[in-house]
Amino acid sequence: MMKKYLNVMLLSSLLVIPVPVHAEEPLEKPRSLDDRVHEVLDHYCMSDDTVAISYYNTVSRETYKLNDDTYMFAASTYKLPLNMYYYMKQNAGELNDDSMINGYRLADAHYLSIVNSDNDSSEALMNGLGSYKTYKDLMMTTFGDDYYRDISHADPILYQDNDYPAGFLMNVLQYLYTHQADFPELLGYMSSPDQINAVAKTIPEEITVYQKQGWYTNVNTVAEIVMADQPYLAVILIDDPNGNSVNALANLNSTIYAYAQEAAAYMRSVVPGTKARKTSVKTSKTEGMTRLHIQIDLFKILVFYGTIVLLLVDIVLVIRSIRNQ
């Protein structure tokens with residue numbers, strides 16, 4: 001009997017194997033976007049009043065705003081809400097591709113306005129909505145949030161020139177992102193390699209970017225949806241009298257992308273299971289492997305403590321056996 005208990009105890013002790021538990025340390029919190037933006041502005045000796053920025057991460061809901069309520073010259077970014085408005089009228093059955101708007105077939109006007117950034121076709125669409133004030137009111141009340149829909153808040157310059165706040169253009173992007181299924185052709189044009197842009201590509205080619213840029217003398221602007229692992233929206237409006245707007249826009253664009261990627265990685269490291277965009281196969285596989293490792297570690301921990309319990313039971317039985325002899 002004693003030999004039997006000793007054998008059981010020996011078998012139990014062999015099952016007690018040290019179990020390494022994977023515990024990854026959270027990544028270091030990324031430097032703030034505000035610090036990075038001002039580093040770029042300092043590099044080009046630009047003051048805050050030469051730029052307006054609005055940023056929104058669709059997953060973390062993080063926002064960044066710099067002068068986003070200041071009316072600035074929007075250049076060709078105004079063509080985005082303008083074309084969206086006409087697409088909405090087509091979706092409602094009020095217009096179709098063959099509808100003529102001030103001498104332009106609507107389907108042709110969309111292509112010219114977004115891909116070629118053509119001014120004549122865009123102005124034809126604008127004039128098709130009525131007076132300049134009527135056009136501007138339609139844009140603000142259709143795409144603006146509660147604040148911008150209230151026309152009493154509008155700066156008088158709204159009706160005097162091609163000025164919009166970055167915050168309003170962010171509202172436009174948020175509407176477009178939320179209703180992507182309603183604008184397939186527009187999104188195709190905005191991601192087309194044929195689109196005429198003023199700024200060289202500053203985001204990796206494998207990332208889909210829906211973008212409308214604009215430029216005019218010292219002004220360079222962009223309104224974009226960047227379909228990274230955590231998709232984000234960004235508006236950058238620059239009016240630099242010293243002629244740095246082209247390079248500054250490119251630098252700010254790449255700076256925002258780098259920050260968004262670091263912030264997403266940090267978020268995943270401190271909040272396990274943080275969702276990434278479903279179309280990101282690489283991220284999905286990585287998260288899948290992480291979940292698998294966690295499940296395996298939990299199983300090993302259960303086995304570890306289970307064998308300890310069995311060992312203690314064996315010891316108690318052996319002690320009792322010795323006492324009974």
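Before the points, one cut-off: a residue is called buried under 20% relative accessible area, exposed over 50%, and partly exposed in between. Keep in mind throughout that this is a predicted model.

1. Lysine 133 and aspartate 137 join their side chains in a salt bridge, 2.7 Å from N to O. Lysine 133, at 43% relative accessibility, falls in the partly exposed class, whereas aspartate 137 has 17% and is therefore buried. Both sit in helix α6 (residues 132-143), and because they are 4 residues apart there, about one helical turn separates them.

2. Elsewhere, shared partners link salt bridges into a network, and its members are Asp98, Arg105 and Asp108. For the overall tally, I have 7 salt bridges in the model.

3. Two further bridges deserve a look. Lysine 89 pairs with glutamate 94, and the closest N and O atoms are 2.9 Å apart. Here lysine 89 is partly exposed at 22% relative accessibility, while glutamate 94 reaches 52% and so counts as exposed. In the other bridge, arginine 31 meets glutamate 39 with the closest N and O atoms 3.7 Å apart. Arginine 31 comes out at 40%, which means partly exposed, and glutamate 39 at 47% is partly exposed too.

4. Now the helix packing. How do α3 and α5 pack, in angle and axis distance? Helix α3 (residues 79-91) and helix α5 (residues 119-127) meet at about 55°, and their axes are 10 Å apart. That angle makes the two helices oblique to each other, and the crossing of α3 past α5 is left-handed. On the α3 side the contact uses Lys79, Leu82, Asn83 and Tyr86; α5 brings in Asn119, Ser122, Leu125 and Met126.

5. Serine 117, in the loop between α4 (106-114) and α5, has a positive phi of about 50° despite not being a glycine. Is this residue buried or exposed? Serine 117 is buried, since its relative accessible area is 10%.

6. Threonine 217 is another non-glycine with a positive phi, about 45° in this case. You'll find it in the loop between β7 (209-216) and β8 (219-226). At 67% relative accessibility threonine 217 is exposed, whereas serine 117 is buried at 10%. When you go through the backbone, I'd look at both loops.

7. Last, serine 54, which belongs to strand β1 (residues 51-57). With a relative accessibility of 4%, serine 54 is buried. Which residues does serine 54 contact, once neighbours within four places in sequence are set aside? The list is Tyr64, Asp68, Ala166, Met170, Leu233, Ala234 and Val235.

Note on methods:
Residues are numbered from 1 along each chain as its sequence is written. This is a predicted model: local features need pLDDT of at least 70, side-chain atom pairs count only at pLDDT 80 or more; totals for chains, interfaces and linings use all residues. Side-chain values use heavy atoms; hydrogens and water are left out. Buried means under 20% relative accessible area, exposed over 50%, partly exposed in between (1.4 Å probe, protein chains only). Contact means heavy atoms within 4.5 Å. Axes are lines fitted to C-alpha atoms, for helices over the stretch in contact, and angles run from 0 to 180 degrees between N-to-C directions. Angles under 35 degrees count as roughly parallel, over 145 as roughly antiparallel, 65 to 115 as roughly perpendicular and the rest as oblique. A crossing is left-handed if the near helix is turned anticlockwise from the far one by less than a right angle, and right-handed if clockwise. A salt bridge is a side-chain nitrogen of Lys or Arg within 4 Å of a carboxyl oxygen of Asp or Glu.
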